[in-house]
Amino acid sequence: MTDPDPRRWRALAVTQAAGFMSLLDVSIVNVALPSMQADLGAGAGGIQWVVSGYALTFGLSLVAGGRLGDALGRRRMFLVALSVFVLTSALAGAAPNLTWLVLARLAQGLAGGLLTPQNSGLIQDLFQGAERGKAFGVLGATIGVSTAVGPIAGGLILAWFGDPQGWPWVFYVNLPIGVVALVLAMRLLPKDRPTGRVDIDLVGALLLGATVLAVLLPLVRADSGGLTSLWWLFPLAVALGWLFLRWERHLVRRGRAPLLDLRLFTETPGYVAGAGIGLAYFCGFSGIWLVFAVFFQAGLGYTPLESGLAVTPFAIGSAVAAAVAGRVVDRWGRLITVLGLTAVGVGLAAVAVVLLVVPGNAAGAWIAVPMVLAGVGGGAVISPNTTLTLTSVPNRLAGVAGGVLQTGQRIGTAVGTATLAAVFYAVLGGTGRYPAAIAVALFAAVALVAVAFVLAVRDLRMAERVPQGG
């Protein structure tokens, strides 16, 4: 066993800062969409591609990015992807029209998807033993907190730089963070070791990319009728996914390196359960931010900043709980995930009841306590689940394992956002009441979180039976 790199914790801080930035861009833009639409004179359907396009290319490139990091070197891929992310952030902020902005966001999402899996791979390379679990706890906290603080950050930026003309700073804020992270990463990240001939599975990348595209495209276009007009892509995704699995098994039999080594699912303890829990939880967790923004801004007349501040208690609870959970997950194991999911479900259900019965502008203040509870639960879900899912992954599969895990979470985000938005607008159209719409949407989120709870309880029971079986 080699001695650990003395710069590993500083390197982790740099990679997590960059990872935080790329994941923040998934949610920070939601609050700024009305400002972009007003300033650019764009239609509602077109402006939605600023969010949807990023999510689409981000999800498409995750697994390929992980495999490229495994094959070409994580430091190299991290530096390239981060450089492109900074450049495309500048292009997005400078966009004079909607077409320019959407194209920049597509490229930015591609760079973010290539960047993200390098974080988990570098943790595998830099850390060993108990330290690896703590480092994965930091990664999980980064994922959870970045998603939760997006609405707050967007609201603060618009309040500072003005609404609607201040929206470019939602993207420009990435520039100083990204440049500093790039300089420090060149100094702190370990040099890549030569691996000889690199075998890249291009056919597998195309098949998997087409599969993910067929799943995500109807979902990211759900607000403009994508589920009804593009439903045929779902059975196509099943067929493409089957072809992808057959091709990957074929490569393994021939002794070649596949894009996705399927032994990841059969020989890595806890990986399948953790990936399933992450997918289900993100279905419920990620979709709430869009309906919250619509409820507070369109329903109650809040400013973007006030809307962001209303959900701040969730982010605070999540940040605190994630830091604690990362330290105790090695002792508590899957139990902490079960407890966290319980708190999320109870907290969101309580928020739904409060918003249904408390009238007017006071609603934002009344939900503070249950939002803290839900946030504490969220911090006790994402961070430990990331640790439990990735700790046992062999180093040679670290990048692709992180990519697959994140792909599931991105699909969960798309499913949850489309589902909760559809529920919200269906109830709003039927009743004309914003409180009823947000309450029903939040109860739908609780139902999705309950699926993750069932999977976590099942995994906990299986883990408890293992020692008894010898």
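**Domains, their interface and the cavities**

Modeller: Please keep in mind that this model is predicted. The protein chain is assigned domain 1 (1-189), domain 2 (202-258) and domain 3 (263-464).

Biologist: How far apart do the C-alpha centres of domain 1 and domain 2 lie?

Modeller: The two C-alpha centres are separated by 24 Å. For the interface itself, one turns to contacts, counted when heavy atoms lie within 4.5 Å. Here nine residues of domain 1 meet eleven residues of domain 2.

Biologist: What area do domain 1 and domain 2 bury between them, and on which atoms?

Modeller: Together they bury about 820 Å², with 75% of this area on carbon and sulfur atoms. On the domain 1 side that touches domain 2, five residues are nonpolar, three are polar and one is charged.

Biologist: How many cavities of 30 Å³ or more does the structure hold, and which residues line the largest cavity?

Modeller: There are five such cavities, and the largest has a volume of about 60 Å³. Its lining consists of T116, P117, S120, L139, I143, T386, L390, G402, L405 and Q406.

Key:
Residues are numbered from 1 along each chain as its sequence is written. This is a predicted model: local features need pLDDT of at least 70, side-chain atom pairs count only at pLDDT 80 or more; totals for chains, interfaces and linings use all residues. Side-chain values use heavy atoms; hydrogens and water are left out. Domain bounds come from an automatic or database domain assignment. Buried area is the accessible area (1.4 Å probe) that two parts lose on being put together, summed over both. Ala, Val, Leu, Ile, Met, Phe, Trp, Tyr, Cys and Pro count as nonpolar, Asp, Glu, Lys and Arg as charged, and the others, Gly among them, as polar. On a 1 Å grid over the protein atoms alone, a cavity is a set of points where a 1.4 Å probe fits but cannot get out, and a pocket is an open set with protein on both sides within 12 Å along at least five of seven lines; lining residues have an atom within 4 Å of a point. Grid points are joined across faces, edges and corners, and a volume is the space filled by probe spheres set on the points.
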